[in-house]
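Trainee: I would like to learn how to read some features of this structure. Please show it to me and take me through them.

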Amino acid sequence: MPQIFANELQRARRCAVSCAIAAMLALPPATASAAPEDGEADSHAGHHGGHGDHAMEPWMYDALRDKVDLYKTYSDAEIDLSMVMMGPNYEAYLSDDAVRGPVGVLTLAHGYGEKGDEVFRNKVGAIAADYHTAVGFGMSMVTSAHIQRAVDLPTGAGAETIVVVPVLSSPFNTQMRQWEYMFGVHDNAGYLETPRIETEAEVVIGSTLADHPVVVSIMTDNARKVSTDPANESLLVVSHGPSYPDDNAKTLELLEKLATAIKAEAGFADAGWVSLQNDSPPEIRDANVKRMQAFVRDANAEGRRAVIVSNLIAPRTIQNQIREALAGLDYGFNTGGLNQHPLFEDWLRANVAEAVR
């Protein structure tokens, strides 16, 4: 379930679907712009997808309810609405005809809206002169067609090995499992059991961002940008977080590693970490929001300012939600996404090199 709309849908559940659509149209520009418009499809090079890729068949509704906690009490119409609000699945090829060599790269991302996708494509474009490079955008909940097309782009240009780079903050989530299922890594689909990807190329699955040293450097730099006196500040690392308890337990271990490393590098007085589980049922998410609020309040009570960074890939509505939840407290919050930082390209190159090696 895409993070930017989970809470809007929760608030709309007591209305009929028409009320929910009206609420969506009434969203402020910063929120509404996070989802691509139908017409945006024409602006993407190599685009063949769109909202048609979210077309639902009768059997899919119960199958999604089994996989997505937030959908368990949703009607068919509400699931349809969430699919419309997601934005399109699509692919694009970034290299030109001059690129040679046996290696292709496919970066996978769930999509960040029109401007966010453009930023992402520009970042990935940094390696497009070295490898046959494509991107695949979309939650991929009910289809793999766009990813099949994305794989066919570099192989059609001559790639014999495809490095698949899942651009996620961690591997512990349904999105990662969905992509792995598509490439035959295991049989546990994160969402629906879509057609498997078929290719004669060798496929190598790269790593997520996780706690890679470049990620630690990015987050440390982001923390320093909003810090004024680290020795008297409390660091808080906040993550979107997965819905399943087992995934969340592993995510908390990852966040602890990140927070510990950033604290040591930047010299903060102490450090904490919170997984918001932003797409979970309201009672779970609300409990995590209260943990975040308590950390900042406790720091303020002890005379320290809080400094907050996240491992979010791109700016989304969740950053605004965090600010709303912490209104009136003393903190600094770097709302930038990991892929906005210049070092993101270094992580991408390192990921591809490690996978090829």
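Mentor: Start with helix H8, whose buried residues are Thr 174, Gln 175, Met 176, Arg 177, Gln 178, Trp 179, Glu 180, Tyr 181 and Met 182. Buried means under 20% relative accessible area, exposed over 50%, and partly exposed in between (1.4 Å probe, protein chains only). Helices (H or I, at least four residues) and strands (E, at least two) are DSSP runs, numbered from the N terminus. This is a predicted model, in which local features need pLDDT of at least 70 and side-chain atom pairs count only at pLDDT 80 or more, while totals for chains, interfaces and linings use all residues. Residues are numbered from 1 along each chain as its sequence is written, and side-chain values use heavy atoms, with hydrogens and water left out.

Trainee: What covers the buried residues of H8?

Mentor: The cover includes strands S2 (103–109), S4 (161–166) and S5 (202–205), together with helices H7 (145–156) and H10 (245–266). Contact means heavy atoms within 4.5 Å.

Trainee: Which residue caps the N-terminal end of H8?

Mentor: Asn 173 does, with a side-chain oxygen 3.3 Å from the backbone nitrogen of Gln 175. After H8 comes Gly 184, whose phi is positive, near 75 degrees.

Trainee: How are two packed helices described?

Mentor: By the angle between their axes and the distance between the axes. Axes are lines fitted to C-alpha atoms, for helices over the stretch in contact, and angles run from 0 to 180 degrees between N-to-C directions. Here H4 (residues 58–67) and H5 (residues 76–85) pack at about 80 degrees, with axes 10 Å apart. H4 and H5 are therefore roughly perpendicular, a label given to angles of 65 to 115 degrees.

Trainee: Which residues of H4 and H5 meet?

Mentor: Tyr 61, Leu 64 and Arg 65 of H4 meet Asp 76, Ile 79, Asp 80 and Met 83 of H5.

Trainee: Is His 132 buried or exposed?

Mentor: His 132 is buried, at a relative accessible area of 2%. It is found in strand S3 (residues 132–137). Its side chain has a polar contact of 3.4 Å with that of Tyr 93. A polar contact is a pair of N or O atoms within 3.5 Å; within protein, one must be able to donate a hydrogen and the other to accept it, and residues adjacent in sequence count only if both atoms are side-chain atoms. The side chain of His 132 also reaches the backbone oxygen of Gly 101 at 2.9 Å.

Methods: Parallel < 35°, antiparallel > 145°, perpendicular 65-115°, else oblique.
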